[in-house]
Amino acid sequence: MKRLTPYLLALPSWMWLAVFLVVPLAAMASVSLQTGNAIDGFAMTFSFSNYADALGRYSTQLVRSLWYGGLATVAMLVIGYPVAYWIAFKGGSRKSVYLFLLLLPFFVSFVLRTISWGFLLADDGVLFGTLKGWGLLPADFHVLATTVAVVGGLTYNFLPFMILPIYVALERVDPRVVEAAYDLYASRTAAFRRVVLPLSLPGVFAGVLMTFVPATADPVNAQVLGGTGNTMIGNIIQTEYLTNLNYPTASALSFTLMAVLLIGIFIYARALGTENVLEAAAR
Amino acid sequence: MAELNRAELNAIELDGVVKEYLSHGEVVQAVKGVTLDIAEGEFFSLLGPSGCGKTTTMRMIAGFEEPSRGVVRLHGADVTNVPPNKRDINMVFQSYALFPHMNVWDNVAFGLKQRRTPQEEIRRRVGEMLEIVDLAGREKRRPREMSGGQQQRVALARALVNRPRALLLDEPLGALDLKLRQAMQIELKRIQREVGITFVYVTHDQSEALTMSDRIAVMNDGLVEQLGGPREIYEKPASAFVAGFIGTSNLLTGVAAGGVLELGGGRVLVPGRDGEVTVTVRPEKITISLDKPDGEVSVVPGTVGEVVYLGTYNSYAVRLGDGTEVTVFQQNAHDATTTAERGDPVWLSWPAQHSYAIGSRSTP
């Protein structure tokens with residue numbers, strides 16, 4: 001009985017996972033192989049051609065999603081690392097205040113935040129309208145409905161998910177270890193490159209995962225900030241499912257996206273050195 | 001110009017060094033003016049309770065803290081404002097501060113790599129150093145896969161491999177258990193003799209400092225209370241603080257006349273002293289006897305209180321006529337004659353040279 005206790009305690013979470021993750025996934029996998037239409041119903045025909053059709057029609061959007069997700073992730077890393085570094089090492093007693101400020105936008109709904117960004121970036125909005133009024137920008141200057149707007153929105157919306165894990169990793173770096181590097185003749189740059197950066201890599205790894213995956217799959221930013229040329233795979237899945245009621249194609253696209261992301265993560269983990277990352281993370 | 005002879009210069013000189021911090025808008029002095037000369041090849045200890053300024057003093061030598069006032073010199077050169085990575089000095093940190101993501105070899109090679117030492121030389125010197133600290137064959141281990149004692153030796157090797165002009169050690173044995181600590185004390189002393197480098201050792205453990213040091217600076221409240229060899233500091237404490245901090249000590253206070261301090265029906269010899277005086281005498285210097293001893297010695301009567309059997313010796317708490325409590329250690333030697341018991345009236349005696357009059361500046 002005693003040996004079973006941990007398993008029994010874990011049972012509710014396993015049930016939860018089974019009911020709300022495994023069952024829907026299995027259902028979706030099944031739907032992705034069916035044929036039919038919304039009126040007459042769908043029947044299982046094991047038509048793997050659903051995948052080929054979906055990919056054939058929407059490969060542009062899939063590649064674009066990965067491209068936008070990647071661009072946003074790089075932007076978040078470039079902006080987020082210095083912020084995390086600054087809070088961890090220079091934040092002093094106000095660290096929690098800065099972290100709170102970082103999370104403050106989350107008290108507003110995700111969609112609403114994105115729409116406000118739309119207002120901000122509008123051609124005649126607060127920012128560009130004013131600048132144009134002062135003659136600092138040409139009258140035909142616009143950002144909304146471009147790649148920049150969508151990638152910018154993704155970057156803005158997911159930035160805290162990049163900063164927080166990096167901050168946690170940097171916070172755990174023993175300042176004496178950094179002092180030891182200085183003591184052993186390392187310049188500030190060398191101490192960062194050889195000691196601080198490697199020790200923060202698990203945070204970077206986690207941050208990239210936590211931002212790249214949702215950013216790539218996100219439909220909201222492309223819909224609110226993008227134009228017709230910026231459609232991402234999330235939008236397609238949404239339209240196929242909710243508007244066209246083409247459940248098999250939507251499911252096939254979802255699975256394709258999941259597979260592509262999983263393979264990408266696997267390659268990424270390999271490249272960054274799973275061993276190093278996991279080892280350092282397990283420390 | 002004559003060439004400078006390094007051996008004639010002090011390894012480390014502190015000249016009126018002060019460190020001030022701003023804490024809640026108030027200026028706090030962690031170090032209130034320390035002047036020290038540490039000779040080349042010396043094993044020098046900074047000893048004192050926590051908060052006495054010993055660690056801050058060492059961090060100023062290492063370059064992690066800049067003195068608010070005063071000068072730090074290494075081999076005659078003023079390094080007061082030189083950053084730590086430009087100082088020819090290395091440090092062994094209290095918690096070792098090994099690089100957790102590097103194996104033993106890379107940890108030890110770090111300093112040499114930073115100095116762009118040729119590959120071949122790095123290989124040779126790291127190998128030799130790992131031999132010295134008895135870690136050959138463990139190059140690929142990560143720090144967290146090693147015991148505290150092994151990590152300690154990696155930290156030592158990582159510093160010594162650079163052949164610094166001086167090595168700073170910040171309570172390096174604090175995290176080890178007693179057995180290992182004693183073994184490492186001997187080990188450290190051996191390594192220091194072997195490499196011939198100046199060691200500056202920071203500790204709050206008086207027995208550690210007495211065992212290993214050539215000289216000790218006893219620090220209290222940001223100042224050096226006494227500077228001297230272990231024997232001198234133990235036998236002739238310069239202040240009540242030092243007497244109390246180093247080992248057990250008895251303090252006798254009174255007014256002396258003509259080199260004699262009358263105390264509770266007895267006399268304490270304080271040659272050349274007159275007026276208010278405080279005298280220290282170590283518990284093991286006192287002889288306890290049932291009959292009044294003769295001769296030119298200090299003699300005071302008292303009553304035995306607690307007697308504690310401690311294996312190699314007994315500890316007696318003896319109350320004097322004026323209420324002062326005196327601790328006496330007596331060896332359990334084969335010829336031990338006295339068997340004083342609780343409540344017995346006894347005589348305490350010791351030769352004049354074992355009581356030492358101190359200028360009482362502060363109490364522990």
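The largest nonpolar core of this predicted model has 81 residues, and those with the most contacts inside it are A:Leu154, B:Ile12, B:Leu46, B:Phe99, B:Phe110 and B:Leu168. Such a core is a set of buried Ala, Val, Leu, Ile, Met, Phe, Trp, Tyr and Cys residues joined through side-chain atoms within 4.5 Å; buried means under 20% relative accessible area, exposed over 50%, and partly exposed in between, with a 1.4 Å probe and protein chains only. A second, separate core of 33 residues includes B:Phe43, B:Val104, B:Val161 and B:Leu167.

Among the residues that B:Leu46 touches are B:Leu36, B:Met58, B:Val200, B:Val202 and B:Met219, leaving aside residues up to four places away in sequence. Contact here means heavy atoms within 4.5 Å. In chain B, 66% of the contacts with a separation of 6 or more join residues 24 or more positions apart.

Chain B has 364 residues, of which 51% count as buried. An automatic or database domain assignment divides the chain into domain 1 (6–235) and domain 2 (252–358). The centres of these two domains, taken over C-alpha atoms, are separated by 40 Å. The C-alpha trace of chain B spans about 75 × 50 × 45 Å along its principal axes.

Residues are numbered from 1 along each chain as its sequence is written, while chains are lettered from A and ligands numbered from 1 in the order in which they are written. Local features need pLDDT of at least 70, side-chain atom pairs count only at pLDDT 80 or more, and totals for chains, interfaces and linings use all residues; side-chain values use heavy atoms, with hydrogens and water left out.
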